[in-house]
Amino acid sequence: MMKISIQRMVEYRSDFIMWSAVSLFWTLFALLFYDIIFLQTPTIAGWSKPQVYLLIGVYMIIDSSTWGLFWRSIKTYVESIFDGKLDFVLVQPIDPQFQLSVKYASFTQLPRLCIGIFLALKYLPQIHLFQFIMFFILLMIVLLIIYLLWFLTATVTFWVEKLENITEIVPSLRRIWNFPSDVYSGPLGTLLTIILPLALISTTPTRFLLHNYAWNEVIILVVFVIILFIITRLFFLYSLKRYSSVGS
């Protein structure tokens with residue numbers, strides 16, 4: 001599937017170049033936004049400029065990875081429910097959720113991914129192997145959380161007619177983890193760091209790179225991803241019973 005996605009990218013080179021340029025533009029615009037903020041204040045919620053830029057690098061790695069790995073597949077998943085192409089997925093000898101989740105990949109986020117890696121390496125303090133391993137594990141966990149949220153919301157399409165833009169819900173939430181979780185306080189902070197820990201998606205992996213071992217946040221993310229996986233899987237299998245294809 002990845003090989004076919006690469007072949008498709010090479011076939012439509014102009015499309016790849018155009019959307020890569022758009023991705024690069026918005027990335028540079030976001031960096032300009034933070035530069036303007038730091039002209040007014042030396043810290044953001046106690047985070048210094050190098051720490052924030054490390055967080056931005058981690059955020060870009062997460063954001064570009066989720067868009068590249070899941071966006072087109074989730075979009076096609078929703079479309080297949082409406083046009084009946086889901087029939088061809090269900091009759092194949094492979095788990096339908098797996099195929100729907102990884103069938104397509106996009107490479108237009110590569111410039112953004114490279115900038116994120118560059119920022120992370122530039123502002124990365126000296127770390128130990130343990131910190132890198134924990135960062136990688138947490139990176140996999142938060143990518144799985146974003147995927148599950150995206151797939152869960154897309155599955156609602158089985159129950160509501162003509163809801164193609166439901167795939168925009170999760171991308172609109174990503175601004176939450178674009179900032180340190182410390183900027184959220186009070187009831188909102190409790191909601192976004194404990195109940196629905198979206199604010200921890202970029203912050204917790206970054207903390208481990210900054211020698212701040214926030215084990216309580218790790219436990220919250222692990223518990224949340226397990227619960228979310230069970231809910232998403234059961235909801236998908238239950239929703240499949242509602243699917244009757246276009247022709248029936």
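On a 1 Å grid over the protein atoms alone, a cavity is a set of points where a 1.4 Å probe fits but cannot get out, and its lining residues have an atom within 4 Å of a point. This is a predicted model, in which local features need pLDDT of at least 70 and side-chain atom pairs pLDDT 80 or more, while totals for chains, interfaces and linings use all residues. Residues are numbered from 1 along each chain as its sequence is written, and side-chain values use heavy atoms, without hydrogens and water.

The count comes to one cavity of 30 Å³ or more. The largest cavity has a volume of about 50 Å³, a volume being the space filled by probe spheres set on the points, which are joined across faces, edges and corners. Its lining consists of Asp63, Thr66, Trp67, Ile146, Trp150, Val170, Pro171, Arg174 and Trp177. Helix 3 (49-83), helix 7 (129-155) and helix 8 (169-173) each give two or more residues to this lining; helix 3 gives the most, three. Helices here are DSSP runs (H or I, at least four residues), numbered from the N terminus.

Helix 10 (residues 200-209) packs on helix 11 (residues 215-240) at about 140 degrees, with the axes 10 Å apart. Axes are lines fitted to C-alpha atoms over the stretch in contact, and angles run from 0 to 180 degrees between N-to-C directions. Contact (heavy atoms within 4.5 Å) involves Leu200, Thr204, Arg207 and Phe208 of helix 10 with Trp215, Glu217, Val218, Ile220 and Leu221 of helix 11.

Key:
On a 1 Å grid over the protein atoms alone, a cavity is a set of points where a 1.4 Å probe fits but cannot get out, and a pocket is an open set with protein on both sides within 12 Å along at least five of seven lines; lining residues have an atom within 4 Å of a point.
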